[in-house]
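Have the model open alongside and follow along.

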Amino acid sequence: MFKGSIPALVTPFKNGELDIETLKKLVEWHIAEGSHGIVPVGTTGESPTLSHREHEQVIEEVVKAADGRVPVIAGAGSNNTVEAIRFAKHAESVGADAILVVTPYYNKPTQQGMIAHFAAVHDCCDLPIIIYNIPGRSVVDMMPDTMGELAKLPRIVGVKDATGDLARVPLTRITCGTDFIQISGEDATALGFNAHGGVGCISVTANVAPKLCSEFQEATLAGDYAAALGYQDRLMPLHVAIFLEPGLAGAKYAMSRLGLCSDEVRLPLTTVSEGVKARIDDAMRHAGLMN
């Protein structure tokens with residue numbers, strides 16, 4: 001159910017407020033372009049600077065707009081277990097298909113603490129849970145053995161792995177089993193990730209180039225790595241340019257160049273610098289997204 005190209009959806013703003021009409025249009029566009037799912041209110045959706053009500057409103061609107069056509073994996077993570085439970089229950093109540101739960105950031109739990117955290121979220125609702133392991137942001141790294149313990153729980157079904165370590169895929173296959181869903185959280189290594197046993201990418205670049213990212217993923221899942229390499233060659237400069245400064249700001253700038261939404265972000269993030277804008281423009285031309 002969860003595979004292929006899944007945009008980590010940006011949250012559009014207008015004069016500091018949620019731009020709900022644009023959000024709905026983005027969902028329609030992604031479905032039309034072939035995206036295989038949508039993740040609202042992840043880090044790319046600026047979850048750290050959304051209020052609880054805004055967080056919940058974005059999920060509600062995305063679920064309604066998707067209308068069952070593609071799975072919606074709602075961001076529901078927190079470094080506060082009680083808050084993560086609130087988000088999980090809300091996502092279930094409005095009809096999300098699954099939740100994405102990040103390893104608790106900043107307070108640095110032990111491996112045992114992470115097991116207790118995820119078990120508590122697991123027990124609070126009936127939605128499938130995808131673990132989000134991103135040590136570069138959360139400063140904790142869930143080890144494959146820990147993930148193997150959590151995979152014994154019936155609704156912990158997969159991982160979004162943003163370690164960038166391709167050896168994690170086969171190691172996780174050993175501890176979690178071959179049916180455990182492994183989805184990349186890093187665009188630049190998504191080809192190798194799938195070659196090792198992954199089945200998709202929760203992608204920032206897919207906000208800008210959903211059709212190319214979808215076709216790239218479909219090629220890897222069909223075992224056509226020659227075709228996938230061609231897509232990778234087109235997309236790689238864009239993967240790099242978008243992340244020269246915070247990726248969501250880069251993605252929003254690129255989307256603004258396509259007329260999809262404004263490049264507005266919330267402090268402490270700022271829009272990308274002029275030099276990065278030029279790099280993104282060049283990468284978009286290389287990918288064939290604009291003249």
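## The enclosed space

The largest cavity holds about 50 Å³ of space. This is a predicted model, and the count of cavities of 30 Å³ or more comes to one.

What lines the largest cavity? The lining is made up of Ser5, Asp187, Ala190, Cys201, Ser203, Cys213, Phe216, Gln217, Leu235 and His239. By type, that's five nonpolar residues, four polar and one charged.

## The open pocket

Now for the largest pocket, with a volume of about 1100 Å³. Its lining runs to 44 residues, and those nearest the centre are Thr43, Thr44, Tyr132, Ile134 and Arg137. Sorted by type, the lining has 21 nonpolar, 16 polar and seven charged residues.

Which element supplies the largest share of this lining? It's α5, with three residues. The elements that each bring at least two residues to the lining of the largest pocket are α2 (52-66), α3 (81-93), β5 (98-102), α5 (135-138) and α11 (247-257).

## A closer look at α3

Take α3, one of the elements lining the largest pocket. This helix has 13 residues and spans 18 Å from its first C-alpha to its last, close to the 18 Å expected at 1.5 Å a residue. Its buried residues are Ala84, Phe87, Ala88, His90 and Ala91. Looking down the axis of α3, you'd see these buried residues fall within an arc of 165 degrees, so they line one face of the helix.

Which residues are exposed on the other side of α3? There you'll find Val82 and Ser93. As for the buried residues of α3, their cover includes α2, β4 (73-75), β5 and α4 (111-124).

Glu61 sits in helix α2. Its relative accessibility is 14%, so Glu61 counts as buried, the cut-off being under 20%. Setting aside neighbours within four places in sequence, Glu61 contacts Ile20, Leu23 and Lys24.

Lys252 belongs to helix α11. Buried or exposed? With a relative accessible area of 0%, Lys252 is buried. Not counting residues up to four places away in sequence, Lys252 touches Val10, Thr11, Pro12, Phe13, Glu46, Ser262, Asp263, Glu264 and Val265.

Phi of Glu46 is near 60 degrees, a positive value in a residue other than glycine. Glu46 counts as buried, at 2% relative accessibility. Asp67 also isn't a glycine, yet has a positive phi of about 50 degrees. You'll find Asp67 in the loop between α2 and β4, where at 61% relative accessibility it counts as exposed.

Where is the cis peptide bond? Go from Leu267 to Pro268: the bond is cis, with omega near 15 degrees. Pro268 lies in the loop between α11 and α12.

His30 is placed in helix α1 (residues 20-32) and is buried, at 0% relative accessibility. Neighbours within four places in sequence aside, His30 is in contact with Pro7, Leu9, Ser35, Ile38, Ala206, Asn207 and Pro210. For a sense of scale, the C-alpha atoms of His30 and Met147 are separated by 31 Å, and the two residues are 117 residues apart along the chain.

Val276 is in helix α12 (residues 274-286). Its relative accessible area is 8%, so Val276 is buried. Which residues does Val276 contact, leaving aside its neighbours within four places in sequence? They are Ala241, Leu244 and Glu245. Val276 and Gly250 are 26 residues apart along the chain, with 8.0 Å separating their C-alpha atoms.

Key: Residues are numbered from 1 along each chain as its sequence is written. This is a predicted model: local features need pLDDT of at least 70, side-chain atom pairs count only at pLDDT 80 or more; totals for chains, interfaces and linings use all residues. Side-chain values use heavy atoms; hydrogens and water are left out. On a 1 Å grid over the protein atoms alone, a cavity is a set of points where a 1.4 Å probe fits but cannot get out, and a pocket is an open set with protein on both sides within 12 Å along at least five of seven lines; lining residues have an atom within 4 Å of a point. Grid points are joined across faces, edges and corners, and a volume is the space filled by probe spheres set on the points. Helices (H or I, at least four residues) and strands (E, at least two) are DSSP runs, numbered from the N terminus. Ala, Val, Leu, Ile, Met, Phe, Trp, Tyr, Cys and Pro count as nonpolar, Asp, Glu, Lys and Arg as charged, and the others, Gly among them, as polar. The expected span of a helix is 1.5 Å times one less than its number of residues. Buried means under 20% relative accessible area, exposed over 50%, partly exposed in between (1.4 Å probe, protein chains only). The arc is that of the directions from the helix axis to the C-beta atoms. Contact means heavy atoms within 4.5 Å.
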